[in-house]
Amino acid sequence: MSGAKEEVLSRIRRSLKDVPRNERPEDVPVERGYRTESDTSREELIELFAERVSEYDATVTRVEEAELPAAIEKALRRRGVRRLVVPPDLPEGWVPKGVEVLSDADRLSNRDLDASDGVLTGCALGIAQTGTIALDAGERQGRRALTLLPDYHLCVVREDQVVGLVPEAFDRLRDAVQSEGRAITFISGPSATSDIELERVAGVHGPRTLDVLLVGRALS
Amino acid sequence: MRVALFITCFNDTLFPETGIATVRLLERLGVEVDFPREQTCCGQMHFNTGYQREAIPLVRRFVKIFSPYEAVVAPSGSCVGMVRELYPMAAELAGDNKLAEEVEALAPRVFELSEFLVKKLGVTDVGAYYPHRVTYHPTCHSLRMIKVGDAPLALLRAVRGLDLVELSQAEECCGFGGTFAVKNADTSAAMLADKVRHILDTRAEACAAGDNSCLMHIGGALRRQRTGVATVHLAEILASTEEEIRR
Amino acid sequence: MKQDAFSPGGGAPFEVLAKESLANSQLRRNLGKATTTIRQKRAAAVGEMPDWEELREAGRALKERVMRHLDEYLLQLEESVTRAGGKVHWARDAREANRIVASIARGHAAREVVKVKSIATDETKLNEYLEREGIRAIETDLAELIIQLSGEESSHILVPAIHKNRSEIRELFLRELDAGDLSDEPTDLTNTARLYLRKKFLEAEVGISGANFAVAETGTVSVVESEGNGRMCTTLPRVLVTVMGIEKVIPAWQDFEVFMQLLPRSSTAERMNPYTSFWTGVSEGDGPQEFHLVLLDNGRTDVLADERGRQALNCIRCSACLNVCPVYERVGGHAYNSVYPGPIGAILTPQLVGIGKKGPDSLPYASSLCGACYEVCPVKINIPEVLIELRGKVVRHKQDAGEGWRSRLDPENAAMQLMARNFSDVRLYEASQKLAKAGQWPLARGGVIQRLPGRLSGWSAVRDLKPVPRQTFREWWKKERGS
């Protein structure tokens, strides 16, 4: 195969004979005139995040830290979740009594995940501008399959995890990728398709239902 | 102010009335008009159909003939688009740096009629009178290539007696596209059918535009279908005055 | 056997294939409805971005930077992916890419592989190749599944089954998926596909994907999607093979901040698409434990050779240009006879397969040069300009290839040569104006021309032609103003 590599590279070099030999990539100017930081107030950002997530057929409930366990319990009950997948490092207090916990500490099989009723995780961050939740396989999230096979995802987002714009998100995620090579998943609402007559159907292969608990200080 | 009229070969041969209207209108506004007799064609048809080798001599001719003028005005968005947006590419294909420089110097001085009036002369009310119900089709090259913006609409809105009706999906191409209308006649006809339907929906007496090529295409269908709807170049509306009509 | 983007559909030119599509009123209705809807949505999604133009410019510039230094970036990408535990393969052409994928699948004794929509592998006709090798590739994107089950070709980059309506899909599923009771509601149809594919995802040992972007700096590859089948294919199987065109590399992780804003709004008119996966080589205990990245040339380096045409490689496959194109809106994708339809296909296909083939040569002419595509392109590909450049190449190729007499006899060429000569000299030009007035009398009847001969008959099929007036403008000027 090394023959292929050499040949492709030499074809490229032949095709680029108009590019001066001493030109470096940085010599091609890239003007980054777009916004990189949101100038919106924190409270407005949180509200925008909640609004935009809910525009994707997902629900958003704003709760105080102390109310979180009760809110989780309520959400799971509402969705009829009895067998709940959790990442190994999920805070113990989050899981209500009476729910069967399938902890990935035991390395669940795909079949186990598929047979569960739902998954409960935290996240890496949220993006207000787009209503996106980013997972980075880090704290309280576990590996990717956990949030993929169960049909229901309950995701806890802390207010201080919400950033304003897309560039802020990529900036924050850089370390997880660059130094640890962790996988990143962006989730903007439950999966969807518009492949049939462009009519949007929510819920195809990933979790068909996404509930978000947005945890912050007390609301006035 | 003195300008050179770039009549375009198409208007010269097929739509002399548009040229005459352009001259009358500009002179009425105090502009001195010169018509360089040597001019023929800007080379657009050749260039856009792929006959670029053949177009390059025409580009050179044009540059030579019009370079001495402070401003060049043409009643065609498409031909102005050729000069402003594609002459640089032509010069590059010709591998001629001197031509490229001349093009760079000339191109910003070449104006489509409506933008010349609104942006260069700064007038929108040209004292015209045209007592008809009219809809306006913003031709693609005026709209997207040379970006005349709403200059034509601003001019039309100031015309006394004119009832301007909005054309739905106005910004969609009419399907002319030069040799496209011949090479892809069926697709062109399908695009034209929709444009005609939208024009008829406005119940306008006439469809106006800044390009006679598109108007010939649209008008050809309006006539074939015996719709009774006319096509008229923007210049002719703007040139028409109350005195003239009463006469 | 050389595989290329242009399907060997008899090699018919665009205008011939378009005729068929134009006569299909069901297709016209579906397309009209779909393109109109998505156009409006896109405009709204873009409209809420105050820095859209700045993002477009950054996207364009980044792509230009990549193309001008593609060799360096690919080497950097290889190094990063390898460092992260992946293996990089290089493929000169479709056949080589297919062979690499097949040998990996065979190495894991896979008889079935799950696949997420990838135009690169449509281009290489990977599925057919695998089939011959005894490996079944299951398309898992809903639209791709529909296309695969019906044995058709995709007609849109993003919505491949845009030409099919719900009742056609219901019948297809009843026939092919053994779905018992099934309505034609999209929700019902989608659920049927979900159940069928869930089994496939859980069983698959090998997943195959394309890539939207691959970052040279970190080795991160991304798949941008809506349905979750991309996550399934890139997460569940033990082995993942990603086939990507060499032009998909981007310099740095940070550059996602540009492309992940441009792509979703341009393609599905969303602020963000439902799911995007970013993976960097192999992560222990998470996802595939074996990752192969196949870098595909297959004509791309030829596209790169044209300084103006190379911008076609900047494409991020959003399909906005298809949705706004008045030609695409009416004829659909099949007339382009390529895995890359629409305006971008019209500039990409002929460059990928080379000038001098009847079908692909017709594609640069499948445009009225209205410029709507350029206006919406998120990376500012000047499609009309490249169309014109390619027309020039097609004509020059014809002129140079056709022996002297043949190109002289070609009616279009002959007419163009004659006109070019007339335009080059004002005396010849004025003489030809007189000739036109005199020569039209056999055609003009009652002040209009209703029928033109030969190649021009397409014009007069639906339009009258105004005859040449008695007096040209220059004659008027001369009379009024003297010389």
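Author: A residue counts as buried if 20 or more other C-beta atoms lie within 10 Å of its own, and as exposed if 12 or fewer do. The model is predicted.

Reader: Which residues of helix α6 of chain B are buried?

Author: Helix α6 of chain B comprises residues 97-106. By the criterion of 20 or more other C-beta atoms within 10 Å, its buried residues are B:L99, B:V103 and B:L106.

Reader: Within what arc do the buried residues of α6(B) fall, seen down the axis?

Author: An α-helix has 3.6 residues a turn, so residues three or four places apart point the same way. The buried residues of α6(B) are B:L99, B:V103 and B:L106. They line one face of the helix, because seen down its axis they fall within an arc of 70°.

Reader: Which exposed residues does the face of α6(B) turned away from its buried side carry, and against which elements do the buried residues pack?

Author: The face turned away from the buried side of α6(B) carries the exposed residues B:N97, B:K98, B:E101, B:E104 and B:A105. The buried residues of α6(B), for their part, pack against α4 (52-66), α5 and β4 (110-112) of chain B.

Reader: Which strands are at the edges of the open sheet of chain B?

Author: The sheet has 4 strands in the order β2-β1-β3-β4, with parallel pairing. Neighbouring strands are turned by 35° against each other on average, direction ignored. Two strands pair on one side only, and these edge strands are β2 (32-34) and β4 of chain B.

Reader: How many nonpolar, polar and charged residues has the side of domain 1 of chain B that touches domain 2 of chain B?

Author: The domain assignment of chain B gives domain 1 (2-121) and domain 2 (133-246), and their C-alpha centres are separated by 22 Å. Their contact takes 28 residues from domain 1 of chain B and 22 residues from domain 2 of chain B. Among the elements that give two or more residues to the domain 1 side are α5 (77-94) and α7 (113-121) of chain B. By class, that side has 11 nonpolar, 10 polar and 7 charged residues.

Reader: Which chains share the most contacts?

Author: Chain A and chain B do not touch, and their nearest C-alpha atoms are 14 Å apart. Of the 2 pairs of chains in contact, the one that shares the most contacts is chains A and C.

Reader: Which element gives the most to the side of chain A that touches chain C?

Author: The contact takes 64 residues from chain A and 75 residues from chain C. On the chain A side, the residues by class are 29 nonpolar, 16 polar and 19 charged. Elements that each supply at least two residues include α1 (2-15), α5 (166-178) and β9 (184-187) of chain A. With 9 residues, the element that gives the most is α1(A).

Reader: Is A:Y34 buried or exposed, and which residues does it touch?

Author: A:Y34 lies in the loop between α1 and α2 (42-54) of chain A. Because 23 other C-beta atoms lie within 10 Å, A:Y34 is buried. Leaving aside residues up to four places away in sequence, A:Y34 touches C:D51, C:E54, C:L55 and C:A58.

Reader: Why is one side of each edge strand in the sheet of chain C left without a neighbour?

Author: This open sheet of 6 strands has the order β1-β10-β7-β4-β2-β3, with parallel pairing. The strands at the edges each have a single partner strand, so one side of each is left without a neighbour in the sheet; they are β1 (87-91) and β3 (136-139) of chain C.

Reader: What is the bridge partner of C:K115 in β3(C)?

Author: Strand β2 of chain C, residues 112-115, is joined to β3(C) by 4 bridges, and the two run parallel. In β3(C), the bridge partner of C:K115 is C:E139.

How values were computed. Residues are numbered from 1 along each chain as its sequence is written. Chains are lettered from A and ligands numbered from 1 in the order in which they are written. This is a predicted model: local features need pLDDT of at least 70, side-chain atom pairs count only at pLDDT 80 or more; totals for chains, interfaces and linings use all residues. Domain bounds come from an automatic or database domain assignment. Two residues are in contact if their C-beta atoms, placed from the backbone, lie within 7 Å. Ala, Val, Leu, Ile, Met, Phe, Trp, Tyr, Cys and Pro count as nonpolar, Asp, Glu, Lys and Arg as charged, and the others, Gly among them, as polar. The arc is that of the directions from the helix axis to the C-beta atoms. Two strands pair if DSSP finds at least two bridges between them. Axes are lines fitted to C-alpha atoms, for helices over the stretch in contact, and angles run from 0 to 180 degrees between N-to-C directions.
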